[in-house]
Structure formats: structure tokens, C-alpha cells
Amino acid sequence: MATPDQELVPLLDQDGVRLTVDDALATVTLTNPAKRNAQSPAMWRALAEAGRLLPGSVRVVVLRGEGKSFSAGLDRQMFTPEGIEGEPSFIDLARSGDAELDAAIAGFQEGFTWWRRNDVVTVAAVQGHAIGAGFQLALACDLRVVADDVQFAMRETGLGLVPDLTGTHPLVSLVGYGRAVEICLTGRFVGAQEAVNSGLANLAVPAAELDAAARDLATALLAAPREAVIETKALLRGASDRDYDGQRAAERAAQGRRLRDLAGLGE
């Protein structure tokens with residue numbers, strides 16, 4: 001049976017990423033189930049392009065993966081001496097200068113950064129394996145709905161690397177420093193129940209109900225007025241960077257803007 005995004009004309013469909021839009025709801029789908037949606041620089045560029053192509057009407061974005069796994073992490077070919085055709089290998093990157101290496105990694109991260117924009121709310125629907133880069137892509141979203149077979153794992157440290165695709169900040173924010181250290185350094189799997197209990201996931205459902213649960217959550221998110229959602233998301237995102245009094249002041253400023261807008265007195 002076709003999923004809802006497959007019934008729409010894609011705005012983007014390349015390098016394992018498909019973007020479809022249905023009014024205020026966008027769906028980004030990872031479309032290489034034969035390789036368990038393994039990630040590559042081309043996929044990261046496509047993910048970044050999906051963010052750039054979002055129409056202004058979009059308020060909620062659902063991220064999902066076709067097949068049994070959300071994303072099993074990096075394409076293992078990236079670890080070989082020859083790498084992926086047309087892409088720099090890890091060896092090539094290691095031989096580059098500091099500025100060039102930093103720019104390359106920053107470019108990779110662009111596919112992971114736009115998901116927390118204040119003007120959209122993003123929901124990852126995660127099933128099966130979400131390993132390494134797959135885990136970090138799920139962490140890039142605001143909310144996570146998981147199937148009961150989900151297996152999160154951060155395997156980079158065990159490979160002699162570090163998680164560098166923006167996942168460390170949200171991981172620590174969600175589960176705390178101690179548990180984040182333990183998850184990253186052991187590389188162990190985190191299942192659905194632990195994910196919900198620890199705050200990694202908002203909801204766990206049977207695998208067959210995952211897409212429906214994500215759509216239901218998206219519908220609920222669309223019910224509130226857009227500007228109030230944007231202001232609230234910005235307020236919550238900045239809370240960890242402010243002290244108590246600073247957050248109180250931010251609340252007052254945001255509420256003042258909303259009241260003036262509702263009264264027709266906004267700028």
C-alpha cells in the first residue's frame with residue numbers, strides 16, 4: 001500500500017530523499033530501504049535541499065524511513081580506502097587542512113540543522129535501527145515517535161570517531177550528561193521503552209501503527225495558531241541558555257507580542 005507521501009508529486013526525489021508537501025504538512029522520506037537507508041554525503045546534501053525547498057505554508061514536517069530500518073547509519077563504503085564514487089573518502093578528509101576539514105564537516109551538518117527552525121515543528125517516525133548518523137538524524141527533530149522495535153545506538157566512538165552530525169547537544173538535553181556519556185561510549189542499543197522513559201521518544205507504538213501515530217501527532221500540532229506555536233517553540237528552545245529571571249523576561253516579551261498581534265496592534 002502506498003504511503004501518503006507517495007501519492008503526492010514530490011518537490012524533491014534524489015539521493016535517497018523524497019520531499020512531499022500537503023498544504024501545511026511536509027513529509028521527508030528516506031528512500032533506500034535495500035541499504036537500510038544508509039547515509040552518505042549525497043543524502044546529507046539532499047536533506048539540506050529539502051529544508052531549503054520547504055514552502056512557507058509548511059508548519060509541520062514528518063521524517064520517516066522506508067523499510068524495516070529508519071537508518072542504519074553511515075554507508076560503510078565511506079570507511080573503505082576508495083570511499084564512495086564522487087565523494088571524498090575519510091582518508092581524503094583526514095589529509096586535508098584544518099579549515100578544509102572543518103568546512104567539509106560543517107557542510108555535512110547542514111542536512112541536520114534546519115529541523116529545529118522555529119517556523120516548523122518536526123517529528124521523526126522511527127522504526128528498527130537508528131544507528132549513528134540515523135540516531136543523530138532522529139535527534140535533529142523536535143519530537144520522536146518510535147515503533148516498538150526501535151533500536152537507537154551511537155556507534156561512532158567505538159569506530160574511533162565522535163558523533164559530529166549535531167546529535168550530542170539534543171542527546172544531552174534529553175537524557176542528561178551521565179546517560180549520554182554511557183550511551184555514546186558503550187554504543188549499546190536503546191529500545192522503545194527506555195527511549196520513552198528517558199525522554200528520547202515522546203511515544204512508542206506497534207510498528208504497524210507508526211505512520212498513523214506520526215500523522216495524528218502532526219494533526220494535533222497543526223491545531224494551534226501558527227504564530228503562537230513559533231513563539232512558544234522559540235521560548236522553549238532558548239530556555240536552557242537563560243537563567244530563571246531571563247526566562248521570565250523572555251516570557252513577558254513573547255506574550256506582549258502575542259497580545260498586541262491578537263489586538264491588531266502588532267507592527
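Student: What makes Asp 216, Thr 219 and Ala 220 on one side of α8 count as exposed?

Tutor: The term rests on relative accessible area, found with a 1.4 Å probe on protein chains only: over 50% is exposed, under 20% is buried, and partly exposed lies in between. Asp 216, Thr 219 and Ala 220 fall in the exposed class, so each has a relative accessible area over 50%. Bear in mind that this is a predicted model, where local features need pLDDT of at least 70 and side-chain atom pairs count only at pLDDT 80 or more, while totals for chains, interfaces and linings use all residues. Residues are numbered from 1 along each chain as its sequence is written, and side-chain values use heavy atoms, with hydrogens and water left out.

Student: How do you know that the buried residues of α8 line one face of the helix?

Tutor: The buried residues are Leu 210, Ala 213, Ala 214 and Ala 218. Looking down the axis of α8, these residues fall within an arc of 140 degrees, so they line one face; the arc is taken from the directions between the helix axis and the C-beta atoms. As background, an α-helix has 3.6 residues a turn, so residues three or four places apart point the same way. The cover over the buried residues of α8 includes β3 (25-30), β4 (60-65), β5 (121-126), β7 (143-147) and β9 (203-205), with cover counted by contact, meaning heavy atoms within 4.5 Å.

Student: Why is α8 called a helix, and how does its reach compare with what is expected?

Tutor: Helices are DSSP runs of H or I with at least four residues, strands are runs of E with at least two, and both are numbered from the N terminus. Helix α8 (residues 210-221) has twelve residues, so it passes that length rule. The expected span is 1.5 Å times one less than the number of residues. For α8 the expected value is 16 Å, and the first and last C-alpha atoms are 17 Å apart, which is close.

Student: What span do you find for α3, and which of its residues are buried?

Tutor: The 16 residues of α3 should span 22 Å, and its end C-alpha atoms are 22 Å apart, which agrees. Its buried residues are Phe 108, Gly 111 and Phe 112, and what covers them includes α1, α2 and α4.

Student: Why is Phe 108 classed as it is?

Tutor: Phe 108 has 14% relative accessibility, so it counts as buried. Beyond its neighbours within four places in sequence, Phe 108 is in contact with Pro 41, Trp 44, Leu 93 and Leu 165. Pro 41 and Trp 44 are among the buried residues of α1.

Student: What makes the phi of Asp 15 and Thr 166 worth a remark?

Tutor: Asp 15 has a phi near 50 degrees, positive in a residue other than glycine. For Thr 166, also not glycine, phi is positive and near 75 degrees. Asp 15, in the loop between β1 and β2, is at 45% relative accessibility and so counts as partly exposed. Thr 166, at 25%, therefore counts as partly exposed too.

Student: Why is one space called a cavity and another a pocket?

Tutor: On a 1 Å grid over the protein atoms alone, a cavity is a set of points where a 1.4 Å probe fits but cannot get out, whereas a pocket is an open set with protein on both sides within 12 Å along at least five of seven lines; lining residues have an atom within 4 Å of a point. Grid points join across faces, edges and corners, and a volume is the space filled by probe spheres set on the points. The count comes to one cavity of 30 Å³ or more, and the largest cavity holds about 30 Å³. The largest pocket holds about 690 Å³, and among its 24 lining residues Arg 116, Asp 142, Lys 233, Leu 236 and Arg 237 are the closest to its centre.
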